[in-house]
Amino acid sequence: QQEAQKLSFLASICTICGTTRRNSSIWDILRFCHLEVANTIKVVLQEEPTDHLDTMVQQQAFLAIASMRAGLLLHKKKKNTLLCTSFHMVFHLPPQKDTQGPEAFLYSKEWEVETSLAQWVAMRDRKDVMAHQQFFSFQLLLPYTSSQPAQVQERAMARIARLANFITTYSLPQVCPCFAQNKILRHQCPKTHQFVMLGKLVGHLTLCCTCKDKGTRREAAEALHHLHTFVLQQRSKWPWLDETEQLQLQEGWQARKTRQPLQSRRVNKIFLTFAKYLQPPDRADVILMAIKSLRATSTYSVRLAAHMIDILVVDSAFQPGKVLSIVWAIYRNLPSIKAGIAFKSLDRALLVLTGKHPSDMVASLLQCSPTCTRVAVTMWKAMVSKAWAADKVLEELLCMLTNQSLCKTSTSTKDNPRVLSMAASMTISKILQQPTCLWKVKAIFPQLFTALLFQVSFITELSLQELCTFWRRHQKCQITPIRSAVQSMRMLLCIMGFERQVLAIEAQGGWDALLNTQTHLMGVHVVAREMMDTPRSLRSTIFCHLADLLRVEDPTWEMVAMVFFVEMLGCTDLSEELDRALEIFPIYLQSSCLGMPSLVLRAILRLTERPDTARKTLVLLPHIIEQLQGADSDASAAALPVLRNMLWLLEGRKPSLTALSLADKLWPLFGNESDTVRELSIRLFQDTMGLVRSAEKKMKKEVYNSLLPLLFHLHDQNKNVAKAAQEALCSAGKFLKWGDLVQLAETAQAWRAAECLLSRRRSRAKDYLCQSQRYLQNPQEPLRIEAVRFI
């Protein structure tokens with residue numbers, strides 16, 4: 001009773017305030033206390049009335065809301081909650097003809113509340129009227145027109161019809177008429193002046209025209225009639241229409257008022273009337289509604305929904321976000337769709353959208369289903385059902401496969417290129433066997449094959465967050481991303497007719513090696529060797545494609561590409577393509593990737609041993625000499641035999657000049673930790689002495705510098721190194737024409753050879769002392785002892 005008195009008092013004060021100036025003291029008092037009163041109203045409306053007194057309290061609450069037309073508007077959040085509460089209670093009242101007493105009063109007061117608020121807002125603030133009407137029509141009323149009892153749908157639709165009629169009878173100068181044009185013109189207007197929900201209204205009302213409830217159908221058709229009148233009104237306002245077109249529109253508007261209601265016409269014709277005015281964002285909204293209406297549980301006409309989709313996907317330029325929304329809607333609703341006409345409509349829509357937005361469509365479906373579920377496979381098959389569409393899809397998937405090394409485009413991993421790349425590798429295997437894809441697969445085989453091969457190299461670099469994103473929605477999928485890539489490779493080779501190579505790779509354990517991150521490079525070697533037994537034209541294409549890829553350094557896949565590329569150099573019939581390799585090798589000789597310089601040097605060594613390619617490699621000589629100055633023992637060990645082969649390939653004075661440039665870089669390697677480097681460097685130094693005349697002063701200086709290290713390495717623990725040192729020391733004695741040194745070296749009399757060095761060149765005693773001190777830190781104990789003895 002106290003609440004009823006409070007609300008009654010509020011209603012009276014609001015009524016007085018409606019005739020009072022805004023700056024009055026009563027107005028200020030009401031603005032101060034309205035939040036507390038609003039909370040009271042909300043509580044009252046949410047309670048179920050149990051007796052006559054409770055019903056009277058709710059009556060006073062509705063009176064209070066109606067009195068707000070005087071200016072006592074709540075904050076937006078409070079107002080929305082209060083109106084939703086009132087609509088929910090009144091729409092669910094029994095049918096009006098069965099309502100008597102207090103319920104009838106409540107029912108009538110609800111219409112009074114809504115009408116009062118709508119008209120008051122329209123008169124008070126014209127620039128906000130469009131936002132208000134859109135709020136009423138969509139946020140509050142549209143949800144009540146579906147999945148509700150028949151009387152609820154009819155009442156909500158009646159409210160929408162009244163609001164649609166209201167905007168046709170009241171001038172809305174702030175509404176921009178651009179939405180009513182059937183041509184896209186260069187025009188921009190503030191968002192507050194746009195009719196942004198035209199598509200939602202048109203789509204929903206059209207579908208409601210096929211509702212089972214007769215009253216709802218009638219009210220929906222009436223709402224469409226008023227909405228079309230409003231569109232014609234706005235179209236007639238457009239300033240650059242010629243006089244003839246404006247007159248025709250005015251005549252059509254006047255004739256519309258005398259025609260029969262729209263519900264008597266075929267609904268699809270009604271929709272066609274509006275479709276030409278819908279812009280791409282509006283069209284996307286309608287498509288989303290229509291897709292939901294294709295489900296078996298829908299209360300609307302599936303045939304009409306399919307017809308709407310067919311019309312709207314044509315000649316529509318959707319934004320990427322809208323394409324993603326449409327793809328998501330199809331993916332989520334497809335399992336609930338049973339009608340054949342619905343499946344055909346969605347297939348056509350997917351095909352049309354693929355033709356217009358191939359990149360967005362492929363990326364969107366990969367985001368929807370990274371592991372390519374059964375629903376996704378159905379959608380992919382529709383997207384590649386035509387040869388021209390299959391070409392576009394495969395091109396986009398190939399692009400996704402090669403984008404795994406790109407930086408993230410956002411903080412979310414959903415559109416991360418690395419995640420999309422994994423999804424693409426899993427998807428490829430599901431659509432390769434489609435007949436429309438075969439021709440394109442053969443055309444892009446080298447690119448597709450290498451892209452799948454690269455998947456094994458970057459999979460281990462994925463973060464935990466990226467892996468969780470990939471598996472979050474499909475935990476039951478047992479196939480891993482790397483296994484999916486290998487499976488796609490096998491299927492691709494089988495499609496190309498290389499079943500024998502597939503079996504040979506399996507027999508050598510190549511496929512299993514690819515699956516292991518520790519042995520995948522060995523697997524790449526196996527695959528590359530077997531791919532050598534393919535037609536030359538195909539091998540040449542793969543070789544050239546790898547060369548083009550390697551021109552752009554990328555640590556994600558460059559090692560895999562180089563391993564395959566180097567293996568292909570073994571083909572003797574690819575000598576014409578060798579120039580591509582010679583252009584790339586200098587880049588990767590300077591690579592900081594572990595093992596890359598050694599891999600390239602081993603490939604060059606093989607080329608120097610082939611008569612048809614040996615001399616072509618001489619252009620790389622300066623780059624290979626630089627490898628001796630690095631700290632990488634593996635690179636030095638690989639470079640030394642290459643240099644030895646190249647020295648004997650030179651002609652004229654080039655061998656002598658090259659030997660001179662090499663000498664000062666070789667003797668410092670005699671003390672290298674690697675046995676291989678020590679032996680090869682000593683033997684190559686011996687070769688340089690044979691290529692240079694003894695009269696060369698520079699060479700004599702380098703030979704003097706090498707004598708003591710060679711003498712120490714006569715005691716090297718590695719027998720091959722000790723033997724090489726002995727032979728080189730003999731050659732040094734011959735080069736310097738020291739017969740006693742030659743004799744002592746041949747008989748391995750190291751101690752007497754040391755005395756020979758001091759007696760021959762006492763001026764170098766200081767240099768010998770410096771060299772001996774370096775060997776005091778040598779890892780080999782015999783060499784440290786000999787250094788101490790010499791000192």
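## Aromatic pairs

Phe445, Phe449, Phe498 and Phe564 are joined into a cluster by ring pairs. The model shown here is predicted. Twelve aromatic pairs are counted in the structure. Phenylalanine 670 sits in the loop between helix H33 (654–666) and helix H34 (675–691), while phenylalanine 685 belongs to helix H34, 15 residues apart. Phenylalanine 670 has 0% relative accessibility and therefore counts as buried. Phenylalanine 685 also has 0% relative accessibility, so this residue is buried as well.

Another pair consists of phenylalanine 712 and phenylalanine 790. Their ring centres are 6.1 Å apart and their planes stand at 85°, an angle over 60 degrees, so this pair is edge-to-face. Because phenylalanine 712 is in helix H35 and phenylalanine 790 in helix H40, the pair ties together parts 78 residues apart in sequence. Phenylalanine 712 and phenylalanine 790 are both buried.

## Cavities

Five cavities of 30 Å³ or more are found in a search of the whole structure.

H38 provides the largest share of the lining of the second largest cavity, with three residues. By type, that lining comprises six nonpolar residues, one polar and one charged.

## Helix H23

Helix H23 covers residues 481–495. At 1.5 Å a residue, its 15 residues should span 21 Å, and the end C-alpha atoms are 21 Å apart, so the two values agree. The buried residues of H23 are Pro481, Ile482, Ser484, Ala485, Val486, Ser488, Met489, Met491, Leu492 and Leu493. After H23 comes glycine 497, with a positive phi near 90°.

Most residues other than glycine have a negative phi. Cysteine 372 has a positive phi, near 55°. Cysteine 372 lies in the loop between helix H16 (358–368) and helix H17 (374–383). Its relative accessible area is 4%, which is under 20%, so cysteine 372 is buried.

Lysine 737 is not a glycine either, and its phi is positive at about 65°. The loop between helix H36 (719–736) and helix H37 (739–746) holds lysine 737. With a relative accessible area of 67%, which is over 50%, lysine 737 is exposed.

Technical notes: Residues are numbered from 1 along each chain as its sequence is written. This is a predicted model: local features need pLDDT of at least 70, side-chain atom pairs count only at pLDDT 80 or more; totals for chains, interfaces and linings use all residues. Side-chain values use heavy atoms; hydrogens and water are left out. Helices (H or I, at least four residues) and strands (E, at least two) are DSSP runs, numbered from the N terminus. The expected span of a helix is 1.5 Å times one less than its number of residues. Buried means under 20% relative accessible area, exposed over 50%, partly exposed in between (1.4 Å probe, protein chains only). On a 1 Å grid over the protein atoms alone, a cavity is a set of points where a 1.4 Å probe fits but cannot get out, and a pocket is an open set with protein on both sides within 12 Å along at least five of seven lines; lining residues have an atom within 4 Å of a point. Grid points are joined across faces, edges and corners, and a volume is the space filled by probe spheres set on the points. Ala, Val, Leu, Ile, Met, Phe, Trp, Tyr, Cys and Pro count as nonpolar, Asp, Glu, Lys and Arg as charged, and the others, Gly among them, as polar. Rings of Phe, Tyr and Trp (its six-membered ring) pair if their centres lie within 6.5 Å; planes under 30 degrees apart count as stacked, over 60 as edge-to-face and the rest as tilted.
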